[in-house]
Amino acid sequence: MQAVGPSTQDAQSTAGTRAAFRATMRKLWEDHITWTRLFIVSDAAALADLGPTTDRLLRNQQDIGDAIKPFYGEAAGRRLTALLREHILIAADILGAAKTGNSSGVDAASARWYANADAIAAFLGSANPRNWPLEEMRTMMRSHLDLTLGEAVARLNGDFTNDIAFYEQVHDQILHMADMLSAGIINQFPQRLH
């Protein structure tokens with residue numbers, strides 16, 4: 001994938017300070033793990049807010065895709081949104097299978113989930129190979145899944161101490177990932193962010 005040059009209007013709307021860009025990227029990815037957690041909690045307990053929570057979680061995937069459009073173009077933003085949306089929907093399949101004790105369903109959905117994570121890593125690695133090497137992105141994505149899965153399993157088992165501990169690890173890991181992504185964009189497009 002090649003980086004697409006922005007229009008003048010896009011450049012003006014996305015240009016800004018590096019600190020502000022880092023903060024925006026952190027907010028987007030914190031929203032990702034926050035709304036994922038709320039989805040896990042609501043789904044595990046069959047809470048009435050599951051529908052609106054799901055909608056907000058899926059909107060976050062669009063927000064993340066939109067955030068890369070000024071740098072990589074419309075098609076790339078749509079592709080990342082689609083991959084992240086799939087990431088969320090497969091996670092919901094895993095939870096659904098786990099809640100009903102369908103271990104083969106959990107295994108099948110987990111295999112799809114990790115394949116999707118590899119696809120996200122490959123997409124990002126191809127967009128910015130110098131700053132986001134494929135193996136590093138793959139490790140980052142798989143770590144995110146491992147920790148989120150630990151969080152969900154603990155929640156479903158009523159092990160709330162470990163549920164919280166996993167969420168703390170998810171939070172630290174996603175901030176590291178957000179910083180890696182923002183640093184990669186800043187390094188690739190230094191003239192756009194000062």
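User: How much space lies in the largest cavity?
Analyst: This is a predicted model, and in it about 60 Å³ of space lies in the largest cavity. The structure holds 1 cavity of 30 Å³ or more.

User: OK, and which residues line the largest cavity?
Analyst: The lining is made of Met25, Trp29, Ile64, Ala67, Ile68, Leu80, Leu124, Trp132, Leu181 and Ile185, and these divide into 10 nonpolar residues, with no polar and no charged ones.

User: Which helix gives the most to that lining?
Analyst: H3 does, with 3 residues, while H2, H3 and H7 each supply at least two.

User: Switching to Thr53, where is that?
Analyst: Thr53 sits in helix H3, which covers residues 50-72.

User: Buried or exposed?
Analyst: Thr53 counts as buried, because its relative accessible area is 5%, and the cut-off for buried is under 20%.

User: What does the side chain of Thr53 reach?
Analyst: The side chain of Thr53 reaches the backbone oxygen of Asp49 at 2.8 Å. Setting aside neighbours within four places in sequence, Thr53 is also in contact with Trp35, Leu38, Phe39 and Ser42.

User: Now H6, how many residues has it?
Analyst: Helix H6 has 23 residues, 134-156, and its first and last C-alpha atoms are 33 Å apart, close to the 33 Å expected at 1.5 Å a residue.

User: What do its buried residues pack against?
Analyst: The buried residues of H6, among them Met137, His144 and Arg155, pack against helices H2, H4, H5 and H7.

User: And what follows H6?
Analyst: Gly158 follows H6, and the phi of Gly158 is positive, near 70°.

Terms used:
Residues numbered from 1 in each chain as written. Predicted model: local features only at pLDDT ≥ 70, side-chain atom pairs only at ≥ 80, totals over all residues. Heavy atoms only, no water. Helix = DSSP H or I, 4+ residues; strand = E, 2+ residues; numbered from the N terminus. Expected span 1.5 Å × (residues − 1). Buried < 20%, exposed > 50% of the residue type's maximum accessible area, 1.4 Å probe, protein only. Contact = heavy atoms within 4.5 Å. Polar contact = N/O pair within 3.5 Å; in protein donor to acceptor, adjacent residues only side chain to side chain. 1 Å grid on protein atoms, 1.4 Å probe; cavity = no way out; pocket = protein on both sides within 12 Å on 5 of 7 lines; lining within 4 Å. Points joined across faces, edges and corners; volume = space filled by probe spheres on them. Nonpolar A, V, L, I, M, F, W, Y, C, P; charged D, E, K, R; others polar.
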